[in-house]
Each structure stands twice: as structure tokens, then as C-alpha cells.
Amino acid sequence: MVKLIIDDRVVEVPEHTTILDAAASVGIKIPTLCYLRDLNEVGACRVCVVEVEGIDQLVAACNNYVLDGMIVHTNSRKARIARKANVEFLLSQHDSECTSCARSGNCSLQSLANDLGITDLPYPKHLEGFRSDPAFPLIRNNDKCIKCLRCIQICEKVQATGVWDLTSRASHASVNVAGGKELSQTDCALCGQCITHCPTGALRARDDTERVFDALEDQEKICLVQIAPAVRTSWGESLGLTHEQATVERLASALRAMGFDYVFDTNFSADLTIMEEGSELLERIKKASEPGGEDIKFPMFTSCCPGWIRYVKSHYPELLDQVSTSKSPQQMFGAVAKTYYAHALGVDPSKIFSVSIMPCVAKKAEAALPTMVGETGDPDVDVVLTVREVDRMIRASHIDASALPEQELDQPLGVGTGAAVIFGATGGVMDAALRSAYFLATGENPDPDAFSGVRGLDGWKEKTFDLAGTPLRVAVAHGLGNARKLIEALRAGEVSYDFVEIMACPGGCVGGGGQPIHDGCELAGERGDVLWGLDAQAPIRFSHENPSVKLVYDDFFGNPLSERAEELLHTDHTA
Ligand code: HC0
Ligand code: SF4
């Protein structure tokens, strides 16, 4: 143990503890901007500087370890003045139009400048003027970048993608797209992790809320909305609601108050996905054991995460024929809404305006794929809103969600099972798929918790389950860096699996790039627990028992993998 004094308090901590953590252990919060635990401990912003007796220069608290007998002053005059000057330098290169910034009120630079009492800037402004393409779902404004390097680290180390780089050095240093490319021409997976880890408004998602407001006002349109599984864990966070208040039923109320005609659940189509994907897996296994089946390659990969699909297309295109052809639940929902449901309502599909609320940025690009359209060429999903956008719409509509009653979702596309709701947490798609694959293979339900071995936040999990006498080797990875490790191990012959679930974002959709932002705080684990809790309490925990899914098969698709199902619910991922 190391004993030191911080701000006149005796502190005892293990060796190799940073000054930042030692101070935090006794409740002293040293401000930071660039710091991200284990990922970005570079001391670039110099905001966490503290004074250490006997050392002339101030030291960064985030990447200097404590020493026995050290005497630290975290807020001495010298430290305070330097911290303030460092933030003033950052502001001299910053577009401080806070009122028109997507992160206004949720920006670490804005809060810090305010906390430090910066009301006037002693330096002239130098702005770069660089803005990326406003039509692409991910948008960069370099004049809001503080060169903290977090986006570089998260994209390279966690997401194995390396879109960003530091260009030039010293006072000309700038973070930009590596290789000078247009952002839309890079391998960006659109996972949005650089957005949720940016301390300011330098990175944001495209805002599509006006298109939805316009449609809601259009008397000719029938506006329906689907709510993704992970949205119910997070939509209330920026509205000051507790998890208990922020139920999907209360969100349904808010959406109806905003003018939506029908509020449905992506859980419905997550159950539909399980029927199609589970049947596809069993079909592949069966075909592989038949003569000529040696060409069928394993593992089969899940296809529901569009960040993963973008990644596999750009990094491992040779694996595309091993990715399930099932469309994602978002897109299955869109296809059902503009065919089966339009018919049920007796309206032309062009009258339907279909919105989805997702914790995801890549879903915006998925909905715009040329393959995700109906017969007339109209998109199956017209607009994808992130959770941040829908929260903005609720505020802009002056809706006090906490005062609204809970309301049931609409029938029949508002019905989902416990197996569907866990899609939003890593391991959930696999767990749900195995529950129904077991039923499809044996005609009997397994214990709904029989496949719980794939749950949890380990980056790469593997298990072998017995499926009607056949051992099924499965793996689950979340975060594209973990996906890359898994694929490289497969290629090297170090592992082999039958079925693999991959989600681009750490923790799965609960940690998605379209979720509310809490700087420096990872909430994926907590939000995931909400989903596992909803599953445990659900009256139905098997996708094949979803009455609406049964209805849609009986009335419209016939069976999983039928001709109509193949046409509307599957894709070859070539677009
Ligand atoms: Fe997800 Fe999905 S689980 S990708 O994370 O499969 O975004 O929540 O909606 O489509 O269902 C996101 C979340 C979805 C889809 C579902 C899948
Ligand atoms: Fe990298 Fe994801 Fe950001 Fe794209 S969205 S630049 S892949 S972190």
C-alpha cells in the first residue's frame, strides 16, 4: 500500500494507483476531459493537472501514479489557474455556439468552462471550418473537436476500425478521417461509439426529427412506429425518469400524444427473426449432413446488427455467405408493416409512414439500403430515430412523460416475448434462437434459462449445448474488436463453431451509439440487466409461442422460409 496526503487528507491506496483514482477514493473529484479508463489515459487535455509538493511542474492526475509520502494539492491557486488557462486555450479553437449544438446541456467542455468561471476569452478564435457531409448518418464538426483523442482510441482499439487519425502536430494538430478520405468512403461501421464517447458536440448523428414531425402533421399519412428492445432501458434517462417510470407502455403514451396512429414493438419482429433464423440454422445443419453438403460452411453468423454487417462487408467480404440471410427485426417489421398490415388496414402501402426508434446509428443506413424497399421502391422503414432524437421530440412537443399513464401497445404487431426483449443485450439473440431451435428440433420446449451460459459482459463467450443429441458449438462476441479476434481465431483454425452472434456495440444494443450519452459512464451492463429482468417476468418466453407471430404465419407467410417469407424477410447482404 502507498500512503500520501491529498488536500490535507491522509489517503492509503494500492501501488500503481493514479492520483486521479487515489483522490476519487476519498471523494475528491478532479475534473477530466480526455480521460477514459483503460483506453485514453494520455493526459492530452491537461485539465486534471494537480500540484505535487517538491515538483516544479504540475502533473496530470490521470496518468501519474501515487508515491509514498506524496503531498498533492488538487485545487491550489497554481493548479486552478493552469486548469483554467488550458480550458481557455481549448475554447480559443472551439466553435462555442452552444445554443445550436446537439450536445448543449450535455457537454463536458461546456460544464467545465462554466465550473471554472470562464466568462470571457482572453485569446482570439482560430477555427478550422471543416464539416463532414451532413447527409451521412455520422457527422463531424472539427471546430467542436478538443483533440482529446477518444474517438481515435475507441474506433481503433475497441472497434478495430481505425477511421480517425491525428493529422499534423503541435498547434496545427487536428483529428480527422485517416488518409484524408471522405467519411462516407471509409470502412466506418456506423456503430456510433465515437459519438457516445465524444465529450463535446464534435461528433453527432444526423437529425431526422423534422421528417417525422412533417409526416405526423400530414393528414394523408398513417404514422406507425416500432420501438426496439433496448430503447425501453434508456429512453427516460435524459428526461429524468427512473427505470420503473420509463416503461415501454409510458413511451407508447408519449408517442400517441405526439400524434402516432399506431405504436408497435420491434420485439414482435425479433420473434419473427428467431423463427426465420432458427429455421435457417437447422436447415443448414441438415443440408450439411446430406450428400453434397460439404460445401456448406460454418459457423453461421447472426445478421441483425447493421454495424456488424457493415464491418463484415468491408473487412471480411468472403464471410458474407455465412451470414444469415434473415433481415434484421427492424427491416422485417418494415416489410410486414407495408404488406400484411397495410392489407389488414385496407390501405395502399404508400399511405403508411413507418418510423423506428433505435439505440443505433447504423440502423439509419440499413433502412436506406436499396434492397430494403417494397414493390414500388419506397423504403420499408421511412425514418430511423435514435433514442436521443425521440427524447428531443418528446421535449419539443412539450410532453411531460412522467405525468402520462401507461398504455398498451397496439395489436397485433405490438406483441413480443421475453425471448425478443433480450435481443438488446449481448448473448440475447443466441439465447432466444437456441430456445426456439431446441423446440423446432425436438417439438418440446427447453427450460427457458437452459442457455444462460451465453449471457454476461465477457467480450467473447463460447459454449457447447446439446440440441436433440447433436452438440451445437456457439459463440457470442460484442464490440467489433472482439469480433475481429474471434474471426481471426476461426481463420487460424484455433476455434470452430456452428453458430455465432455478433453485436457491434459493447454490451449489445443497450450500449448502442444512438443511446443517451453520459460522459465517462458505461451503462450497458445496467441497461442489459433491465432486459434480462423483463425476460424473466415475461408471460411468454419463447418466440415460437408469440401469438402475433403465429397469426402472421397463418394468415400471410405460411411457414418460416416459405417463398413469401424468403421474398420479404430475407436478403443476400449484397447491397
Ligand atoms: Fe437492436 Fe435489433 S436488438 S439490432 O440491438 O436483432 O438497434 O434494441 O432493434 O433490428 O430486435 C438495435 C436493439 C434492435 C434489430 C431487434 C436485432
Ligand atoms: Fe469508428 Fe464506429 Fe465512429 Fe465509425 S461510428 S468512426 S466505426 S467508432
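Biologist: How far apart are the C-alpha centres of domain 1 and domain 2?
Modeller: They lie 28 Å apart. This is a predicted model, by the way.

Biologist: And how many residues are in contact between domain 1 and domain 2?
Modeller: On the domain 1 side there are 9, in contact with 10 residues of domain 2. The side of domain 1 that touches domain 2 divides into 8 nonpolar residues, 1 polar and no charged.

Biologist: Where do the domain bounds fall?
Modeller: The assignment puts domain 1 at 2-90, domain 2 at 126-205 and domain 3 at 208-575.

Biologist: Switching to the ligand. How many residues surround ligand 1, and which are the closest?
Modeller: The shell has 20 residues, and the closest are Ala 228, Ala 230, Cys 304, Cys 360 and Cys 509.

Biologist: What's the shell around ligand 1 like by class?
Modeller: There are 13 nonpolar residues, 6 polar and 1 charged. Helix 8 (266-288) and helix 10 (329-345) each supply at least two of the shell residues.

Biologist: Now Asp 38. Where does it lie?
Modeller: You'll find Asp 38 in the loop between helix 1 (19-25) and strand 3 (49-52).

Biologist: What about the scores and the mean pLDDT?
Modeller: The model scores ipTM 0.93 and pTM 0.96. The chain has a mean pLDDT of 96, with 99% of its residues at 70 or more.

Note on methods
Residues are numbered from 1 along each chain as its sequence is written. Chains are lettered from A and ligands numbered from 1 in the order in which they are written. This is a predicted model: local features need pLDDT of at least 70, side-chain atom pairs count only at pLDDT 80 or more; totals for chains, interfaces and linings use all residues. Helices (H or I, at least four residues) and strands (E, at least two) are DSSP runs, numbered from the N terminus. A residue is near a molecule or strand if its C-beta atom, placed from the backbone, lies within 6 Å of it. Ala, Val, Leu, Ile, Met, Phe, Trp, Tyr, Cys and Pro count as nonpolar, Asp, Glu, Lys and Arg as charged, and the others, Gly among them, as polar. pLDDT is the predictor's confidence in each residue, from 0 to 100. Domain bounds come from an automatic or database domain assignment. Two residues are in contact if their C-beta atoms, placed from the backbone, lie within 7 Å.
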